[in-house]
Amino acid sequence: MKKIFGILSIFIGIGLIVSFVMGFLSDVPSTVPQSSIVVYKIMTSLQNFGRYIPGVAITGFVVSCSVHFGRNSEGSTERFSKAMMDRFKVVMIVSISVAFLLTICTEVLVLVTANKKASIINRPKIVNDYINVGNKLFDNGYYERAMNYADAALKLSPNEKNALNLRDRADVEINRARTSNIRFKLYESVEEAEKVDRVVIDAEQINEVYKLYEKAQTAYDKKEWFNAHYYSELGIKLATSKDPNLEELKKLSTAAWNNLTEYHNLAKTEGQLLFEKKYQGYLALVQKDDLKAYYIFRELYQSSREMQSDPDVVFYLQIAENRINERSFFVDETFELKSFESANDVYFAYEYADGSQDVIYFKGMTTVASTGNSIQYLRALTIVSVTRTGEIFRTMTVPYAKVLPVSVKTLTPTTKALMGIDDSIDCVPYIMLKSVGRDSPEIHNEPLYTYQNGEIATTPEYLLLSIPYDNFLLLEKSTATPESMSLPSLIRLVHMAEKYGFCPEVYGQAMMNRIFYPLWILILFILLAGFGWNNRIDANQYFKFSWAFAFIPFIFVSLLSYNMIMFLFRLINYVLLGGLGISGGMITGLVLYVIVLICSSVFFVSRHSRI
């Protein structure tokens, strides 16, 4: 065994060295940064090694078997001798090792190096895009977002001067804002607003009702009518009919509202004009017109430095923004996202319980890495709704959509029944279709629904897909070829391909090819071991240096033979899959290859010598 491994290792080692020599002598694209040239050449070398290792391994294995069996051929004058069985054990160990090596090269090395090379080429462009977007955000006053883009650029290129400069400038502005007394008050108010907005309405939490009553009473005593009415209304929503604080909360709410109305009707001084503006914004919040309320408080917030520390303005601006974020998103969130898309031209379909279908297509998809890729933006989303009879009855288009996971536990039983959502699903995709301007009501994007009869509409402004969110993420990977997908993702996609409008045979054959590849390689090398036995080198024959020159053409012949054998392998899988389906083809293929493995093993152990 040591001799076989030794000679085979020499061949593989020489193949690795030649691959590196050829890789470092090869040309490098001009788009590769100077600092990444060495890494790019290493990836090219490893990629070459992964591609040509089968020919090298076949040659080295046959030569090593010929040499080893030529010097250890005794005890095999009869078929199925004990000596041949011992040799078969050695052949199996070596063949399994080679099959493992070739599988790693095919499934991991070639794919990883190809992705790494693409990343090296694209990295400068991505870094420049990050810096350009960051600079534009900085110029518009979005310093924290500019800092995020600078950090993203530095992760890809730690010594990029422009990114370092952008980060330093953003850091100065952020620190300046945080150390400002005005900004400190603003943040303090926003923090308080977030606490209130996250109150969980639970009828059993009586203590929470009392706390809200105390806040409302305190605000009322301070003549903070907006806060008094807001907290008392929250308490009323939270309280049960038997809650002892309910009546007091109602009285506080009414009294606060009456005071608001009284101030609203007074003659308008400058201070009362400001109160009037706040009143309009708060009234919009009460009437659930969150967008109107947001723009009123946003305008007040941007009107002066003093308003940026006004507790009413900061508090209710945050409340309005939180409500908006539940149903829509801001247009500037999609700013320059096209440069960072991780998938393009994604499409799939899914069927409802009544037999109708939605065909979904989007030109690009960008994930937000800081959220663990759970939040995504879809560019140029189109959804075509088809009836059970195959007729198109509605088409929806929108420039950008935002997708995030929503827990099924938060949905009502009626919604789950109508959507056909199973309780076993953890999360489903929630798609926001409407985007609004952060500072201007004139800027907005709405979905456009076009019906078969020519009617158009702009609602609904959100969609809930009745598919698991994990499946949605997997379907986005379907743009890659089945050969370049990770094997676990491919296996998952095969079982749901037909459900989402894909051809299961295409993915099924790729899965069969990749799953049975190690078994096919094992069969091939057992047969090669028999070939090595039949052409073993005489024990008295010394190695001639001239033989080394024959190894090169032998490697190319081996590589050509390997490609032909792999074509036969894929053809067999195609026939099995086409005739028996995926499940039947997989089972039959496993049985077939196990039988072939047994036959090839019998072929080897039946070898014998005349001496």
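I looked up residues 7–25 first. The span is 100% helix and 0% strand, with its end C-alpha atoms 27 Å apart. Helices here are DSSP runs of H or I with at least four residues, strands are E runs of at least two, and both are numbered from the N terminus.

I noted the ground rules. This is a predicted model, where local features need pLDDT of at least 70, side-chain atom pairs count only at pLDDT 80 or more, and totals for chains, interfaces and linings use all residues. Residues are numbered from 1 along each chain as its sequence is written, and side-chain values use heavy atoms, with hydrogens and water left out.

**Annotated spans**

I took residues 90–114 next: 100% helix, 0% strand, end C-alpha atoms 35 Å apart.

**Whole chain**

I counted 18 helices and eleven strands in the protein chain. Of its 611 residues, 44% are buried, that is, under 20% relative accessible area; exposed is over 50%, and partly exposed lies in between (1.4 Å probe, protein chains only). I also looked at contacts (heavy atoms within 4.5 Å). Among those between residues at least 6 apart in sequence, 68% join residues at least 24 apart.

I traced the pairing; two strands pair if DSSP finds at least two bridges between them. Strand 2 (residues 343–351) and strand 3 (residues 357–367) run antiparallel, joined by eight bridges. Tyr 347 has Tyr 361 of strand 3 as its bridge partner. Five residues lie between these strands in the hairpin, and Gly 355 takes a positive phi near 95 degrees.

Strand 3 also runs antiparallel to strand 4 (residues 376–386), with ten bridges. There, Thr 367 stands opposite Gln 376 of strand 4.

**Val 594**

I placed Val 594 in helix 18 (residues 548–605). Why does Val 594 count as partly exposed? Because its relative accessibility is 35%.
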